[in-house]
Amino acid sequence: MISKTILVTDDALQLSWLQEAWRIAHTDGQIALESCMTDKLIEELKKAYGQNVNGQLGKTDQAYMITSLLMNPEAAVLKYFTSRSERNWPFPKYLGACGRVIFVENGGKLLDTSLASSWKDRANIALQLLNMIDTFRNGDPKWIVIFLDFRYENFAVDQSGRLNLIDFDEVMLIDREESGDGEKKQSCNMEDLKTFVSEIDKDHFCFQVPQYSQMMYALACVRLLSFLPEHLLKSLSDRHRSPEHVRPPGLLWGPPEHEATAIEALLRGCVEEKVAGGRLKAVEKLKAVLRRTLI
């Protein structure tokens, strides 16, 4: 019976217990959500899973929550964000669960099916993608959402043309109160990110993450948006593909002739930063150009 399992004990709600359980359940490596998990996030998840006014979870709700965190942590992330009414997050809505199976609304067709769409449709999706990263970085007063796995199969476009993130395996939630503020004072590029990610087990990792959150723009540009030859072979140790893999031209292929030169320069500025702050300026200018082409 569920009431007699460790999943409904107070111990199971302790960060130290969860971290040890994660190590046992995921012997193939650390999962993203675990990397910067905090007691504060556990308390927020309790609210999403039905915590009552006395701060207590029912035994069944707690069992669902702990099981999700251990076996399918992306379900816990999705339930948390889609249960909050203050912002319409770009995620499919969490509908419910039955045992270890979760139900979410249809996120739409995979992003790569939009590569053959008209320029305006593709430019609109590209603008949504950049705005999505804005939301990840600045859309929540408590958390910074970090996502680095920018691949076509991790995004979908629904019938209304809305872009959704549909895979949450690589989502990290960073507590703003326990992390540093501001952008890096030096330029930041792919080699810097690779070096930083290699230090994921070090104590200072979570504190420094916000300084690297701008690299989500770079990854989105190089992997999903750019059509430039120098970007088609570029990757960041992409474990999902062979070294010889050449991805299809990005969403911004075939831009309007009068905007092509500007878009090419801004894509380069998004991917490769020459001076500190240069990437963020390039992204803002790129969004302005995309909006202009949608008129």
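## Disulfides at a glance

Going by a cut-off of cysteine sulfur atoms within 2.5 Å, the count here comes to two disulfides. Number the bonded cysteines of the protein chain in sequence order and the pairing reads 1-2, 3-4. As a reminder, a disulfide is a covalent bond between the sulfur atoms of two cysteines.

A quick word on what you're looking at: this is a predicted model, where local features need pLDDT of at least 70, side-chain atom pairs count only at pLDDT 80 or more, and totals for chains, interfaces and linings use all residues. Residues are numbered from 1 along each chain as its sequence is written, and side-chain values use heavy atoms, with hydrogens and water left out.

## C36 and C206

In this pair the sulfur atoms sit 2.0 Å apart. The torsion about the S-S bond of C36 and C206 is about -95°, so this disulfide is left-handed. The pair links distant parts of the chain, 170 residues apart: C36 is in the loop between helix 2 (32–35) and helix 3 (39–48), while C206 belongs to helix 8 (residues 205–212). Helices here are DSSP runs of H or I with at least four residues, strands are E runs of at least two, and both are numbered from the N terminus.

C36 has a relative accessible area of 6%, which makes it buried (buried is under 20% relative accessible area, exposed over 50%, partly exposed in between, with a 1.4 Å probe and protein chains only).

## C221 and C270

Here the sulfur atoms are 2.1 Å apart. The S-S torsion of C221 and C270 is about 90°, so this disulfide is right-handed. C221 lies in helix 9 (residues 215–225) and C270 in helix 11 (residues 260–271), so the bond ties together parts that are 49 residues apart in sequence.

C221 is buried, at a relative accessible area of 0%. C270 counts as buried too, at 0% relative accessibility. Another cysteine, C188, is also buried at 0%.

## The sheet and its helix

Three strands make an open sheet in the order 3-5-6, with antiparallel pairing (strands pair if DSSP finds at least two bridges between them). Strand 3 (109–110) and strand 6 (163–165) are at the edges with a single partner strand each, so one side of each has no neighbour in the sheet.

Strand 5 (residues 155–157) and strand 6 run antiparallel and are joined by three bridges. Along this pairing, V157 stands opposite L163 in strand 6. Helix 6 (residues 119–138) lies across strand 5 and strand 6, at about 45° to strand 6. That angle is taken on a 0 to 180 degrees scale between N-to-C directions, with axes fitted to C-alpha atoms, for helices over the stretch in contact, where contact means heavy atoms within 4.5 Å.
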